[in-house]
Structure formats: C-alpha cells, structure tokens
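Here are my notes on the two interfaces I looked at. Please read them with the structure open.

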Protein chains: 2
Amino acid sequence: MSEKAIGVAVLGLGNVGTEVVRIIEESAADLEARIGAPLELRGVGVRRVAKDRGVPVGMLTDDIDALVSRDDVDIVVELMGPVEPARKAIMAALERGKSVVTANKALMAQSTGELAQAAEKARVDLYFEAAVAGAIPVIRPLTQSLAGDSVLRVAGIVNGTTNYILSAMNDTGASYEDALADASALGYAEADPTADVEGYDAAAKAAILASIAFHTRVTADDVYREGITKVSAADFESAKALGCNIKLLAICERLTSGKGKQRVSARVYPALVPLDHPLASVNGAFNAVVVEAEAAGRLMFYGQGAGGAPTASAVMGDLVMAARNRVQGGRGPRESKYAKLPIASIGAIPTRYYVNMNVKDQPGVLSAVAAEFSRHEVSIAEVRQQGMTDDEGEPCGAQIVVVTHQATDAALSETVEALAELDVVQNINSVLRMEGTTT
Amino acid sequence: MSEKAIGVAVLGLGNVGTEVVRIIEESAADLEARIGAPLELRGVGVRRVAKDRGVPVGMLTDDIDALVSRDDVDIVVELMGPVEPARKAIMAALERGKSVVTANKALMAQSTGELAQAAEKARVDLYFEAAVAGAIPVIRPLTQSLAGDSVLRVAGIVNGTTNYILSAMNDTGASYEDALADASALGYAEADPTADVEGYDAAAKAAILASIAFHTRVTADDVYREGITKVSAADFESAKALGCNIKLLAICERLTSGKGKQRVSARVYPALVPLDHPLASVNGAFNAVVVEAEAAGRLMFYGQGAGGAPTASAVMGDLVMAARNRVQGGRGPRESKYAKLPIASIGAIPTRYYVNMNVKDQPGVLSAVAAEFSRHEVSIAEVRQQGMTDDEGEPCGAQIVVVTHQATDAALSETVEALAELDVVQNINSVLRMEGTTT
C-alpha cells in the first residue's frame, strides 16, 4: 500500500469549509489510518486573502485556477457556493485529473450530466453526498445500498429553514410572517430567504434525488415547485383538526403506465401529512428522507440537514472515500448507465387535496360546493363546515374544508376555478395537497 | 467497459435466497444497466436437491465446494445460515479469488478478522450489509459516509422478534409469556426463540456495529448480554408512569479516559427509553439504528430489519457493488487499518437504573431504602411509592420504584444486594437500565 500523501485543495472558507479544514488538521492520524496514507492540505481557495480566517495566510490563495492545477493536489473539495465560479473550478479540476468532492446542490442539480461526463473521461471520482440533506447519508445508500433494488418513491424534508418555520407555525400558531421573522432573527433564515421559502433549494435536491434514485437525468428545471409563503395559521388549524401536520416535501416518483412506459415526477410543495407518517414528526431544522423500494419496503434516514459541522461530516466521508480510491488504485465504482426518462407533467399527478374556502351561511351551500367536485369527478373524502363570526362576534358566513380522494392536479384546478365562480363561495382561502396516505 | 457476464453462485435457498434468485432473474435488464455487464446465475447450493424449490433442478447442487470453485463464478452469495458450513464455504470462495456477499451475522461477529484477512490476501470484496438490520443501510453509511467523522455511539433496535414482543407487551399489557406465544403463532418468533429472546442475535449485530463504527475488532464474546425474558407487565406499567417505553437495545460506545486511552463497550439489554427518544417509537418488527458522531450529530436509520425481501434488498446492493467492482477493475475501497481497542468491562459502564421492589408498608421504609442507595453513592433521580392490595383487596405492603442518576453497574449491583438483605424489602422485582438520557 502506497504511503504517498494525498494532496487536498479546499475551495471556500465559510462554515463548512472552516470545519473541513479543522477536521483535516485535527484528525490527521485517524484519517491516515482510515485512508492508508496521510491527507495533506495543499491550499485553501478564497475570494480575498486575509489574516483573520483561522488558517495560516500562506495556505490561502485567491488564484483558484492555479490551486486546482497544482501537481501535488489529488482531490479538490468545492465549498464555494453558487453555480459560478464553482462550475468552472470543478471542470478545471476534473480536466486535470483531480477527483472532486462538492456540496453544491444548485450546481449538481443543473450540470450533473456535464460534470459526470468530465469525471468519467478523466477517470476520477465526483462525490456530492453533502449536496442533499447535510450529514444524512442518502446519496450513497441510494446509489450503492439500493443498487440492486428498485426505488419507487423518495419523499423528504430536505430544507431546514422552511421546516423550522413550519414547525414554529405548528407549535405556536404563529403566522408565516412572524415565524419567518423569528427564524431570521435566530439565524435559521438568510437575509434574502427566497431560495428556501420559495422551494428552489428543495427543488435542486429533488432533482438530485430523482436522478440517482431512478438512474436518469433530472435537472432543477424539471421539478414542479411551490413555496411555503401562502401557508397560513388557519391552514395549520385545519390540518390539526384533520390529524395532520404541514411540511414542505420534496417528492420523487417513478410512474409506470399500463403499457410499462416509465416517467419520472419530481415536485416540491407544502403538503398535509398525517401524524402517523414518519415525516410528520420531523421538526425544527432536522431533515429526513423516506425511501420506498420494491424489496426493501420503507426506509427512513434522519438527521441534521445543514450547518457547518454536519455538512462537513458528509464532505469528509466523500473525501476519505476519494482518497481511499486514490491509494487503492484509481476511483470508486459508479453507475454505468443513465436513462433519460420523460418527466411527468404536474397536471397528470394524482394526489389528495385539501381545499379551504369561505362561503355564505345559507341553505344549499354545501350541496352546491359538493356538486362542483362531483361535476369534475373529484371524489370527496371528508368535509368540515363551521360558522364564522366577525370582529363584533356577529355570524358572517361559514368556512368549509374539503379533503378529496386522489385527483389529478388538472381536475382539481378546474374544480377550484368553478368553485370561485359560485355565487355562494366568498373566497378560496387555500389549496394544499395531502401526502402520505394512499386513498 | 467489459461486457463479459459476472457469474454468481447463491448458497442457500431459504426466504432470502429465494428472493435473491428471483430478483437476479426478473430484474436482469435493470441489473445489467446498473452494473455494466449481465449478472448470470451459475448455480444454487442447497443441502438437498429437489424438484419443488422454485428453481430449475439443473441449477441446484449439494456440492458446495464444487460450485464455489467453478471458474465461471465471480461472486459467491452465502445465505446458508449457521456459522458452519458457511465459514468453510466462504473461506474456500475467498481463497479461489471470488468476491463474497453474506448475510451471516453469527459468522461475521465471530470470524470477521479471519475472513477480512482472506479477502485482503485474495484482493476481493467481502460485503455483509444484510448481516445487520436487514434492508436498512448501516454498514455502508458507517464504513463510508462517516469515514471522515468520529463515531461516538451507536444504539439500535436490531432484533425484530424481541421488538415485536416488547411492542405487544407495551400496547396490550400482556405478559412476556403471552406475547411470546402470540409472536410464535404469527411466525414472528422461531420454535426455539433462544437466539432472539436471550439477545444472542442482537449481540452478534452489536459486535459487527462496534467493529466498523470504531475501526477495531469486536466479537460476539466481547458483548455484554441480557435478554428480555425477565421483563414483566409490571415493568411496562412503571415505564409508562415514567414516560418511557422498554426496548431491547444494542449499544456500542467509544470511551475515552482522561489520559486519552480509548476503550470500547458493546452491550445488549432491555432498557427504559424516554418516549421523546427516536428509538422509543420504533415498533413491531421494525429496526432502527441511531448513530452519534462528532461532526454529524445524531443520525437515525429506520426500516424493516428482517424478512426475505428486505434482507434480499441489502444482499442485492452488495452484489451489484461487488459486480461493479469486477467490471470496473477489481474491488472496492476498504478500511485500511483495524485497531484492537480493549473492551470495557460492564461493571465500569455508567448508566441510569430503574429498580422495582416490594416493601413492607410501614414508617421509615422509604428512608431505609434511600439510605442504601446513598451508602453506595448511587444518586436517586425519582422515587414512586404506591400501596398494594392482595386478591381480597386487603392492603399488603407497597411497591417502590427508584430511578437513579448515572451509576456504574458495580455500584448498582452492590446496592441491590444490600437492599435484598433489608428486613423491610420483601422482593426486588426487577432491575433495568434506562438509556437515552444523559443525566
């Protein structure tokens, strides 16, 4: 076994990068035992070289291209963040025969095909466990442990910020705006929370999960996406009455037609989840991914989905594996073939729905509402009606909550449009999907 | 990429073997896409060749040695069961340069060093994901995903039979004997349930988990073991009052002394688990493993721990990985170095305890009992005393339940011995540990 050191370049020195550098330095002996050769940090790429970064200034460089080109760098760990300049740096590293470890979900959800091809051509490793669900191993279980099984469905809570906000709304009855403000104050939400609350972050992870679960190429643009900004305190009240919590879910499904043709659905939206479903009790900043496979049945993976140390744990796992591959002769085994399965349109996906509306409190209203569902062949599973009062305590109409059996997005949308036209319907307050039940 | 077929021999045709053969046959096209070459079944080793096994008779052979020696066999899948003749067959396969996939926990817990050495010498793979927790990926996450982190603790429910029995006792208030009888009638317990209910099966899995989590060699003999046969309906009643469930846990811990010396503890026993701990709600035949690592924090893996199809899923994952390695040039990366950390004696392990005893109902009893705990420096966290009545409804003494703070097994054992000597103590009903809290 070679005792030649494995040279590492780290790009980016944020929370995760700082932790990765710390572990490489402080756990050097352990890592050498795990790998079979010492791991040596060659340099850290940063935008601006400064003294106060907790790393000797001599280690820092803003010349990323020079760093990833060094002959004594074997593995490049990319933790810079946005798609560019990360993509350019990773391509340069791969082309120069370096293995690459990255936590960059936006990039992997957009350019995975291009990057995988470059890695294949250079015969090096491209690992990205940290791109989905932080410390929780999901990429390796899906690509390796379940490689001989057939995955049917992946459903996950993969964004900590939105789960923190929704958990707070569920626990305290707070409005979305108040829960978001709290999350920002506590550092759980960024100054511009758009990527999280509008579901872009979860959509990137859904694309990655769908790609590896179904051995096909899915990009973030293929993912149907709704954020959590319209979820209200009233929705949580109704959800509780229905025995549910509300979670932002990333769902990936393989759909097989009667003729055996396969399509893939990847989608992100807030949904009602029955309390007896394992995802319903995943709270705060935690993440969890439920995988359903033909032989394995239902599996769940749970843990911290973000943060410097947890994400660094996933990066370090990839780094040790890439280093072991170098020491033991090359690169790790990988998927041999990716399909390009067609993406199912959201209109064709059957799910259950929850519709919350304000109506006039007069005879025949419920019957008129029910008739619209029936007309569009959307079957009703449960209805709750309750009287409402205005600020003075005077009766002012009623609220109707309808939960449907499975219906397509298309049929439901038509129903909701027709309901809005009804004279007795004052307002459609919200329409949410319900997941985690089969009927 | 080579398109040469990968030849597979399956040894054993029980529930798991039958499923593995079925998947190899029915998912041939998918498996070829995953691997990069077709997977071809060369033969199935059985004790007795017969027509009614669901496999063409020509595929069956009782000459295991001839089967594993065939030149056209690349990978041997061992699913025969007991330690022998499985060990002999696996050694023969490894010595002839075949990669091996096994689900044999008893064997891996006993001979892992010998087998790993043989695999290393022959430069082939030895995979055993199915040996622990059925379909749930735990071996690969521990050996790969967490390879750059430092695992502190692994705690799991890894035996479905005992979890089924304990869940039934918790749900219905049944006695151990009745719950066992039900489990046997429903096929969840074997005719001779000793290996499950006395904790031998869980101890084998604890040894495997401790070995891979802490990069050291631990065998089943190193594991402290108590079964569930003495857990009573009264214990579940007390546990409920304390906000706990009772679970058979496999616990692996790395202990670091003040001087930095490391020891390993691996132990299996029934323990009270607070309801807010993720393992408390893992019920029925399900398994779950909680891993605590320095950077990752707490992770949980959950799913079906036994059964033909779930176990076959894990076997197939290993088989595809071993096959990919063959196609792509050799074998997978592996642990480079195993330590031989000393095993901590159970007497030195601090845990919390629950002690349930019958006492005379007279003044000063509680004080006498408390004094014994104090004398042995075992700190009490909670005491519950309640009067008891005999069959006629007459008062007949009291029951005292004591929950301690952390104490060593040695100190607690001495306390219990001293309590049993007390005149006012009529009977020590049970002593169980409490896990999942830190104080």
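Keep in mind that the model is predicted.

1. Domain layout. Chain A is split into domain 1 (6-134 + 308-328), domain 2 (139-304) and domain 3 (347-434). The C-alpha centres of domain 1 and domain 2 of chain A are 28 Å apart.

2. Contact between the domains. The answer to the opening question: 18 residues of domain 1 of chain A touch 17 residues of domain 2 of chain A. About 1,400 Å² is buried between these two domains. Carbon and sulfur atoms give 65% of that area.

3. The domain 1 side. In chain A, α5 (105-122) and α12 (308-327) each supply at least two residues of the side of domain 1 that touches domain 2. The most comes from α5(A), with 8 residues. By class, this side of domain 1 has 11 nonpolar, 4 polar and 3 charged residues.

4. Contact between the chains. Here 49 residues of chain B are in contact with 49 residues of chain A. The two chains bury about 4,100 Å² between them. Carbon and sulfur atoms account for 54% of this area.

5. Polar links between the chains. Between chain B and chain A the salt-bridge count is 0. Polar contact is found for 10 residue pairs, both residues at pLDDT 80 or more.

6. The chain B side. Four elements of chain B each give at least two residues to the side that touches chain A: α2 (28-35), α6 (139-145), β12 (297-304) and α12 (308-327). The largest share, 9 residues, comes from α12(B). This side of chain B divides into 24 nonpolar, 15 polar and 10 charged residues.

7. Strand β12 (residues 297-304) of chain A pairs with β12(B). The sense is antiparallel, over 3 bridges. Tyr302(A) stands opposite Met300(B) in β12(B).

Key. Residues numbered from 1 in each chain as written. Chains lettered and ligands numbered in written order. Predicted model: local features only at pLDDT ≥ 70, side-chain atom pairs only at ≥ 80, totals over all residues. Heavy atoms only, no water. Contact = heavy atoms within 4.5 Å. Buried area = accessible area lost by both parts, 1.4 Å probe. Salt bridge = Lys/Arg side-chain N within 4 Å of Asp/Glu carboxyl O. Polar contact = N/O pair within 3.5 Å; in protein donor to acceptor, adjacent residues only side chain to side chain. Nonpolar A, V, L, I, M, F, W, Y, C, P; charged D, E, K, R; others polar. Pairing = 2+ DSSP bridges. Domains from an automatic or database assignment.
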